[in-house]
Amino acid sequence: MESIYLHSLNPNPNPNPLSRSTSGPWRSRFAPNLRSSNRLLRIRRPRSLAPPLALQRRSSDHDVVVVGAGIVGLAIARHLLLHCGLSVAVADAGVPCSGATGAGQGYVWMAHKTLGSDAWQLAVRSKQLWEEMADGVAREGLDPQHILGWKKTGSLLIGRSAEELTTLEERVKVFTEAGLRAEYLSSSSLSSMEPALEVGKEGGAAFLPDDCQLDAHQTVSFIEKRNKSFAPEGRYAEFYNDPAIGLLRSDRSGAIEAVQTSEKILYGKKAIVIAAGAWSGSLMRSFDVNAPDVPVKPRKGHLLVLENFNEIKLNHGLMEAGYIDHQVGTSSDSATADSEQTLLSISMTATIDAKGNLVLGSSRQFSGFCREVDESIIKRIWDRAGEFFPTLRTISLDSLRKRQIRIGHRPYMPDGKPVIGPVPGLPNILLATGHEGSGLSLALGTAEMVADMILGNSPVVDCTPFSIRE
């Protein structure tokens, strides 16, 4: 075997069963970033040397190995376990919900999605699958809110300027024509629905009553429990706090056949799926010479959580219209990378979580994998929320003792689309990353798409926009 060691602070590899030609029109999305061999950061073990015998004894065989135990990785495992007879292993350098999944607000929303965008149908399908999961929990005689933190709160996308209101009215019209329930609310109607909110006489909102939210920790716990139920029959295994450090090639075929972690070798007979979130880009840059550079990068976010905060009440999930523009970075040019480090955007988002806490957000910035809390950003989030909720302006942020700060790193792609599909030049490897702030809402649709690729099924949603192609 040949071992390729991945040089990353948080390595995470994953394979795919589909082998594609390294030429053709489907690779153009990242073709300009193909690297020459002298830029590869890797250490090769001579083909004549196998991994240490002690490590070989800790090897295990699986049909699919998923690297990454965020919501996307766990959902992929769940879909395969439920819909076919394949065995699945999940490996992660940490534990579930220790990354972006556990740091979000739990939106399963269509309000801020754009009809006609490449990700629209994936969002529609994924929301349908989330609703089916919640319905399935209810059919078992369980409460989806208790099990998943599931609530059909509806969403309010709020505008205050004439330009924003025009955009919202058009958005409502387009949504309605597409078959979604949507309504434009004037300032007076909005005030009656959310008395704590103040947007001025000229304000308004797009209201989508069928939008939902869930609790990531509760939902991941539920998915994990169901995945583990397949362990007694030998179909599921998980390896947490065990970072992936290499990929192993077959002596016979040269194909990637296993993931080497710090403790084990995990063989994936059909596929290895890389669902490592914001770390996926650094992993891909450690791969083989012919693999394109997938420019996934971390985009740090802060959320402010106020425990048992009773000064304002919310009946729906709220988001200012400017959030839509802030989802996309200002530039994908690598020459501006240094300036992007300081690029910061703040958008008002507000929800009540499953525990009754007020969750305020949100920030976006490029600052690498830094996890330190920036109190100046928290202050800006608080001040921005005060522009919409007058009561907050009468309260000092420093006086709030029962508060938490959530920090996560969204996997950002410059073109705003996730990457889902086979990796050229790396047979049997599949990539599922780059969902930015929509990983939770798009997770189940992504899982179905990946499973269909592995099984050779006809896709429910066109996967072409998300592939690596020329």
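Thr391 lies in the loop between α12 and β17 (403-412). Helices (H or I, at least four residues) and strands (E, at least two) are DSSP runs, numbered from the N terminus. The model is predicted: local features need pLDDT of at least 70, side-chain atom pairs count only at pLDDT 80 or more, and totals for chains, interfaces and linings use all residues. Residues are numbered from 1 along each chain as its sequence is written, and side-chain values use heavy atoms, with hydrogens and water left out.

Stay with Thr391. Its relative accessible area is 32%, so Thr391 is partly exposed. Buried means under 20% relative accessible area, exposed over 50%, and partly exposed in between (1.4 Å probe, protein chains only). Leaving aside neighbours within four places in sequence, Thr391 is in contact with Glu311 and Ile312. Contact means heavy atoms within 4.5 Å. Ala196 is 195 residues away along the chain, yet the C-alpha atoms of Thr391 and Ala196 are separated by 7.6 Å.

Now turn to helix α6. This helix has 16 residues. From first C-alpha to last, α6 reaches 23 Å, close to the 22 Å expected at 1.5 Å a residue. The expected span is 1.5 Å times one less than the number of residues. Which residues of α6 are buried? They are Leu165, Leu168, Arg171, Val172 and Phe175. An α-helix has 3.6 residues a turn, so residues three or four places apart point the same way. On the other side of α6, Ala162, Glu163, Thr166 and Glu177 are exposed. Gly179 follows α6, with a positive phi near 100°.

Aromatic pairs come next. The whole structure holds 4 of them. Rings of Phe, Tyr and Trp (its six-membered ring) pair if their centres lie within 6.5 Å; planes under 30 degrees apart count as stacked, over 60 as edge-to-face and the rest as tilted. Why is the pair of Trp120 and Phe175 stacked? The ring centres of Trp120 and Phe175 are 5.7 Å apart and the planes are at 15°, so the pair is stacked. The pair links distant parts of the chain: Trp120 is in helix α4 (residues 120-139), Phe175 is in helix α6 (residues 162-177), and they are 55 residues apart. Trp120 is buried at 4% relative accessibility. Phe175 is buried at 1%.

Trp279 and Phe369 form another stacked pair, 4.8 Å centre to centre with 15° between the planes. Trp279 sits in the loop between β12 (265-274) and α9 (280-284), and Phe369 in the loop between β16 (358-365) and α12 (375-386), 90 residues apart. Trp279 is buried at 18% relative accessibility. Phe369, at 30%, is partly exposed.

Charges also meet rings. A charge sits over a ring if NZ of Lys or CZ of Arg is within 6 Å of the ring centre and within 35 degrees of the ring normal. The charged end of Arg160 sits over the ring of Phe388, 4.1 Å from its centre. Lys297 places its charged end over the ring of Phe366, 4.5 Å from the centre.

Finally, confidence. pLDDT is the predictor's confidence in each residue, from 0 to 100. The protein chain has a mean pLDDT of 86, and 82% of its residues reach 70 or more. Over residues 31-49 the pLDDT is below 50.
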